[in-house]
Amino acid sequence: MAVNRVPILKRCRSLDLDPTFLGYDKKSNRTSARAGKKISEYGLQLREKQKAKFIYGVLEKPFRNYYEKADRMKGQTGENLLVMLESRLDSVVFRMGFARTRREARQVVGHKHFLVNGKPVQIPSYLVKAGDVIEVREKARSLQRYKDILEVTGGRLVPEWLEVDQEAMKATVKYLPTREMIDVPVNEMLIVELYSK
């Protein structure tokens, strides 16, 4: 399996991205070597695509598959793409506040710590639907890890499309998010322009 091992802060610097979107509260004092240089139109489009891929932890081939699926759906392709990425199980677990970072969310899903509608799911790319109930497995609830995570993420704002019960370690997807509810700094129109060439 391919794994992205690029240092987080270094990648955030090169993409001009705030690490808080990935769950990290560290800041880098350095500036990118390319800061201030003019970027071509293609360069801007490519950067937006790389930003989206990096935030959601998706590699090129699955990302392209998401794009093609979004293109076939009704509505705007860019909006559909972001909604699909946001409704991945690892992203929902991060939004629920049961993981400090997106990478940790991917890891705990892979370790079968979560149930979706009562069934164990270990696929981070599993797409949740409106009405799905996501909960921490009975065996994993007593782990010290989740007590520590909830201490850290307790103050994090849960999006309005999720209903989270932190005591029961459970969440319900009320409805899928719209573009206005997704706070990632990605211009999806540039990604659509890049792929439609």
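## A tour of salt bridges and a buried helix

Start by selecting Lys49, Lys53 and Glu60. A network of salt bridges links these three residues. This is a predicted model. By the rule used here, the salt bridge count comes to twelve. Side chains of opposite charge can pair when their charged atoms come close.

**Helix H5**

Next, select residues 89-96, which make up helix H5. How many of the eight residues of H5 are buried? Eight of the eight are, so the helix is largely enclosed by the rest of the structure. Click through them in order: Leu89, Asp90, Ser91, Val92, Val93, Phe94, Arg95 and Met96. Then step just past the helix to glycine 97. Its phi is positive, at about 95 degrees.

Go back to arginine 95. This residue counts as buried because its relative accessibility is 13%, and the cut-off for buried is under 20%.

Aspartate 183 lies in the loop between strand S5 (170-173) and helix H9 (188-195), while arginine 95 is in helix H5, so the pair ties together parts that are 88 residues apart in sequence. Is aspartate 183 buried or partly exposed? At 45% relative accessibility, aspartate 183 counts as partly exposed.

**From H5 to H6**

Stay on H5 and select aspartate 90, then arginine 106. They form a salt bridge whose closest N and O atoms are 3.8 Å apart. Arginine 106 sits in helix H6 (residues 102-110) and aspartate 90 in helix H5, so this pair ties together parts 16 residues apart in sequence. Compare the two ends. Aspartate 90 is buried, with a relative accessible area of 5%. Arginine 106, at 31% relative accessibility, counts as partly exposed.

**Last stop: asparagine 80**

Move to helix H4 (residues 77-86) and select asparagine 80. With 12% relative accessibility, asparagine 80 counts as buried. What does its side chain reach at 3.3 Å? The backbone oxygen of alanine 70. Finally, show the surroundings. Leaving aside neighbours within four places in sequence, asparagine 80 is in contact with Ala70, Met73, Lys74 and Gly75.

Conventions. Residues are numbered from 1 along each chain as its sequence is written. This is a predicted model: local features need pLDDT of at least 70, side-chain atom pairs count only at pLDDT 80 or more; totals for chains, interfaces and linings use all residues. Side-chain values use heavy atoms; hydrogens and water are left out. Buried means under 20% relative accessible area, exposed over 50%, partly exposed in between (1.4 Å probe, protein chains only). Helices (H or I, at least four residues) and strands (E, at least two) are DSSP runs, numbered from the N terminus. A polar contact is a pair of N or O atoms within 3.5 Å; within protein, one must be able to donate a hydrogen and the other to accept it, and residues adjacent in sequence count only if both atoms are side-chain atoms. Contact means heavy atoms within 4.5 Å. A salt bridge is a side-chain nitrogen of Lys or Arg within 4 Å of a carboxyl oxygen of Asp or Glu.
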